[in-house]
Amino acid sequence: MAVTLVFLIFASLIVLYFYLTRNYKYWQKRGVPSPEDVFPGIGNMWDFFTMKTTFSENCRNIYNKYKGYSMVGFYNFTMPTLMVLEPQLVKTVLQTNFASFHENTLKIDPDLDPLLANNPFFTYGEKWAIGRKRLTYAFSSMRLKMLLESVKQVCVTFEDYLNRNLNKVAKKEVELKDLFSKFTAQVVSGAGFGVDGLCFDEERQSESFYSLGKTFLDPSLLNNIIFNIVFFLPSLGKILRARFLPKKADHFFRSLVTEVFEQRRSDGVRRNDFLQLMAELERMEGDKFDLGVLTSHAVSFFIDGYETSSNVLSFVGFQLASHPEVQKRLREEVLSVFARHDGVITYEGLKEMTYMDQVISESQRIIPTLGFLTKVCTEDIELKGSDGLVCRVQRGTPILIPVHGLQEDDRYWKNPEIYDPDRFSPDSKHSIEKFAFLPFGEGPRICPGMRMAQLQMKACLATLLRKYSLELSPKTQVPLKMTASSFLSAAVGGLWAIIQPI
Ligand code: HEM
C-alpha cells in the first residue's frame, strides 16, 4: 500500500515536471538565444517570483544580458515570450507592422469587470477604435484648453490646501505619491466627471475620489495580489471571481455617469469636462451613446490617468528634491512664465515651460512608470534583426518591449544613470534614438491621454514650485528600491519630502 502511494506521488511529480517544462525547448528549436536559468513552472522569472525584483527589473536584467543580440526568447513562467531588443524591431512591432501586433496581452473578463471591457487598453478591433476615438476627441488642443479650465480650479484648491497646511507650521513632511494622488484624483473628478472630488477636503476624505481610487489602485499588497491574479492568472481569477474594479466602485461610476450625462444632454450650460464633450460628440454623431460603454470610457480616464499621472509626478518630485539646482532652474522658468501671463495658469504659458518638459521626460526615462509593454502577435510574421537573426513569430506569441532596458542602455544614452534633463534640451533632443524612449508607448496604441497627462502634471508642478520648495526627507530610502509585487513603479517605504514656503 505504502509502496503504491510512493509510486503514485513520484509518478505525479514526474508528470507535473514534464507539464511545467513542456515549452522550455521552444526558443532553442527556433535558434533564438534564450537564458539558460530556467526553473520548472517559473521559467526565467525566478527573481520576480521570489520577489527579489519587480517584473520590469527582471526583464531589464534579461535585456542587459542579451543586448548584443536583436532578440531574445525567454519563458514568462511557462509561456515562451519574445523580447525585441533593438529600437528598429520595436518600431516594427509598435508601428510598421502594427497589423501583426495590434493586441495587448492583458485581457479582461467582461463578466467580472464589465466597466473595463471597453477600455481601449484591453480591447481591439471596433471596440478599441470607438474608445480611442472618444478619448482622442476629448484631448485635441482645442478641447484640452477647455479641460484646462477644470484643471485650473484644481490648482486653486491644491494651493489653498498647501497654504492651509503650511500656515500653521514652517515645514511639513509629505509623502509625494499621496500628495499628488489627491491632485490627480481631483482632476479626474472635475475634468472627467464634472463633480467635486473632495480630495483636499480633510473632513470628507472618506467620501473622496482619492479614497475611492485608493481602494483598488493603491499598490498595497492586497491590490497587487488581486491585480496579478486578474491579469497574469486569469483562469484562477475566474475560479476566485476576482475582479479589478470592486462592485461598489462599479455602482458608483454607473450612477454618477448616468446622472451627470443626462444633465449634460439636456442642459444648455456649457461645462468644462469630458462628459460635456461626450454629449457634444453624441449630438454630432446623431446616435445615442450606450451609457454602459460611455461609463467605461469615462472610467478609462480614471483608471488609466489617475494612478499613472500621480506616479510620474511623485518621481519628478523626488528628482526635484534630490537635485536642488534643477529645482531652482525650473522655479525660475515657472516664475518668469507666470510674470508674462498675469500670474495665472494659461494653456500658452504651460507650453512655454519647456524646461519643465525636459525635467518630466528625464524623470520618466530614468524611472519609467511602466517599465515594459506587452503585445501579442496576431498574424504570423518573420522578424529580422540587424545581427542577421531571423525569427518566424507564430500567432499568439507574446512580445515584450523592454522600455526600462532601452531607456538606460549606454548605447543610446550617455551616462544613463545620471539624472540630466538637458538630454531633452532643444539642441540635444533630436539626437535621441527613436523608439528607445517610450514613456507613453508609440504607434497606433500610443497613450491617447498623453497630452492631458502632461497638461495636468505641468499645472500641478507650476502651482507647487511657485510658492514652495521640496527637500528630500531622510525617511526616503535611497537608493530607491521598487516594490516587487507592483505593476507600476512604486518605491518601497514611499517618497518622502519636506515642503516649505520659499
Ligand atoms: C503620466 C501619465 C501617463 C502615462 C505615463 C501613461 C502611459 C501609457 C502607456 C505606456 C500606455 C501603453 C501604450 C502602448 O501600449 O504602446 C498607455 C496607454 C493608454 N493610456 Fe496612458 N498614460 C498616462 C496617462 C493617461 C491618461 C491621463 C489617460 C486618460 C484617458 C490615459 C489613457 C490611456 C489609454 C486609454 C491607453 C490604452 C491605449 C490603447 O491601447 O490604444 N493615459 N498609457
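Ring pairs join F39, W46, F48, F49, F55, F77, F372 and F487 into a cluster. This is a predicted model, in which local features need pLDDT of at least 70, side-chain atom pairs count only at pLDDT 80 or more, and totals for chains, interfaces and linings use all residues. Residues are numbered from 1 along each chain as its sequence is written, and side-chain values use heavy atoms, with hydrogens and water left out.

**Aromatic pairs**

- The structure holds 29 aromatic pairs, where rings of Phe, Tyr and Trp (its six-membered ring) pair if their centres lie within 6.5 Å; planes under 30 degrees apart count as stacked, over 60 as edge-to-face and the rest as tilted.
- F48 and F77 pair edge-to-face, at 6.3 Å centre to centre with 75° between the planes.
- This pair links distant parts of the chain, 29 residues apart: F48 is in helix α3 (residues 46-49) and F77 in the loop between β1 (71-76) and β2 (79-84); helices (H or I, at least four residues) and strands (E, at least two) are DSSP runs, numbered from the N terminus.
- F48 is buried at 15% relative accessibility, whereas F77 is partly exposed at 25%; buried means under 20% relative accessible area, exposed over 50%, partly exposed in between (1.4 Å probe, protein chains only).
- F274 and F301 are edge-to-face because their ring centres are 5.6 Å apart and their planes at 80°.
- That pair joins helix α13 (residues 274-285), which holds F274, to helix α14 (residues 291-322), which holds F301, 27 residues apart.
- F274 is buried at 0%, and F301 is buried at 6%.

**Charges over rings**

- The charged end of R143 sits over the ring of Y137, 3.7 Å from its centre; this requires NZ of Lys or CZ of Arg within 6 Å of the ring centre and within 35 degrees of the ring normal.
- K182 lies over the face of Y210, 5.0 Å from the ring centre.
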